[in-house]
Amino acid sequence: MAEFYTVVINRTDSAFLSQETRNYGLSLQFNDSHISYCVLDHRFNKYILLHEYRRNDFIPKTKPGFKLSFEDFMRSVLNSNPWLKSPFKTIRIAYEGKKCTLIPGPLFDAQEAENFMKLNFHLQPEEHVLADHLQQFDNYNVYSIPKNLEDSIKKLFPSARISSLSTILLQTVWMNFRTRINANRIFVHIKEKSFDICIYDGKLIKYFNTFTWMVAEDVVYFLIFVLEQLGLNPEQASVVLLGNIDRGSNLFELIYRYVKNMEFGRRNETFKYSPVFDIVAPQSYYPLLNFNSCGS
């Protein structure tokens with residue numbers, strides 16, 4: 001039902017055909033309040049669709065006492081886009097959470113994954129701990145996901161494996177920038193209510209963390225704090241901006257007061273993009289539009 005969600009973006013190429021999903025790759029990212037997904041036509045290696053929906057957090061007047069669940073939200077989106085239930089050539093799904101920790105490969109033990117998380121986070125009983133292997137760095141990204149969200153996604157997409165969005169971010173940033181990464185290359189990935197700071201030193205992940213933000217000053221505070229803790233001069237630091245940030249925005253202007261050497265992420269030239277993507281900034285939806293660069 002449409003009252004369960006708000007459409008954030010709806011860009012669909014006229015070449016998209018719902019009966020052709022077996023030729024398409026579906027990439028989807030989600031958290032408890034929103035989903036976004038894109039479609040790649042594998043025949044032409046071209047992105048032809050990008051949708052994002054935000055969950056409406058209210059009780060419909062027509063259903064007194066009704067409480068909207070994540071599964072209700074997801075099913076309402078799928079009912080409005082029934083082709084999402086069709087078979088695809090590939091399906092990739094990533095959970096956008098705030099709890100994750102990197103463990104070096106030689107130290108990782110799958111049986112201890114939950115204990116690794118408990119060293120850094122308070123876990124709720126309903127959280128399930130998972131781990132992704134970042135082969136490029138021989139690290140494991142250990143993260144948690146609410147069990148109800150995981151179960152809902154698996155009901156709707158039973159054949160798909162869930163990854164952490166932070167895994168996709170760390171892998172694809174390195175793949176796309178590896179020829180330009182030297183010591184202390186900094187990437188800031190802005191999301192709706194949180195942001196990631198990734199710092200690479202050659203082929204190593206030197207630093208990664210996710211922070212919550214409400215106002216632009218929060219982003220600047222944590223960014224400057226991290227740089228100072230690592231002994232990096234903000235005026236000399238090289239920062240790449242990804243995600244939900246544009247030149248001329250209040251957030252960009254505030255960061256620029258302290259960090260002068262900044263650039264925006266570029267679109268992955270491995271893929272082609274429909275003209276409907278022209279209004280989408282190249283740095284936006286960065287992990288989602290790079291998901292197909294990762295291994296299966």
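## Getting started

Contact here means heavy atoms within 4.5 Å. Keep that in mind while looking at this predicted model, as it tells you what counts as cover for a helix. The mean pLDDT of the chain is 92, and 96% of the residues reach 70 or more. Among the elements, helix α1 (residues 70–80) has the lowest mean pLDDT, at 91. At the other end of the range, strand β15 (residues 272–273) has the highest, at 98.

## The whole chain

You'll find seven helices and 15 strands in this chain. How does its radius of gyration fit with that of a compact globule? For 296 residues, such a globule would come out near 19 Å, and the chain has 19 Å, so the two agree. The C-alpha trace spans about 55 × 45 × 40 Å along its principal axes.

Of the 296 residues, 52% count as buried. The chain exposes about 14500 Å², and carbon and sulfur atoms supply 49% of that area. If you take the contacts with a separation of 6 or more, 61% of them join residues 24 or more positions apart.

Which residues of helix α3 (residues 147–156) are buried? They are L149, E150, S152, I153 and L156. Looking down the axis of α3, you'd see these buried residues fall within an arc of 165°, so they line one face of the helix. Here's a handy bit of background: an α-helix has 3.6 residues a turn, so residues three or four places apart point the same way. The cover over the buried residues of α3 includes strands β2 (24–30), β5 (90–95), β7 (127–134), β8 (139–146) and β9 (162–164), along with helix α1.

Helix α1 has its own set of buried residues: F70, E71, F73, M74, S76, V77 and L78. Among the elements covering them are β1 (5–12), β2, β3 (34–41) and β4 (46–55).

## S27, tucked into a strand

Strand β2 is also where you'll find S27. Is S27 buried or exposed? Its relative accessibility is 0%, so S27 counts as buried.

Who are its partners? The side chain of S27 makes a polar contact with the side chain of N292, at 3.3 Å. Leaving aside neighbours within four places in sequence, S27 is in contact with S36, Y37, C38, R92, L288, F291 and N292.

## Some loop residues to look at

Most residues other than glycine have a negative phi. With that in mind, check out N45, where phi is near 55°, a positive value. N45 lies in the loop between β3 and β4 and is partly exposed, with a relative accessible area of 26%. Y285 also has a positive phi, near 50°. You'll find Y285 in the loop between β15 and α7 (286–290).

Another loop, the one between α4 (165–177) and β10 (185–190), holds R180. This residue is partly exposed, with a relative accessible area of 28%. Not counting residues up to four places away in sequence, R180 touches R185, E263 and R266.

Note on methods: Residues numbered from 1 in each chain as written. Predicted model: local features only at pLDDT ≥ 70, side-chain atom pairs only at ≥ 80, totals over all residues. Heavy atoms only, no water. pLDDT = per-residue confidence, 0-100. Helix = DSSP H or I, 4+ residues; strand = E, 2+ residues; numbered from the N terminus. Buried < 20%, exposed > 50% of the residue type's maximum accessible area, 1.4 Å probe, protein only. Arc of directions from axis to C-beta. Rg over C-alpha atoms; globule rule 2.2 N^0.38 Å. Areas by Shrake-Rupley, 256 points an atom, 1.4 Å probe, with all protein chains shown as cover. Polar contact = N/O pair within 3.5 Å; in protein donor to acceptor, adjacent residues only side chain to side chain.
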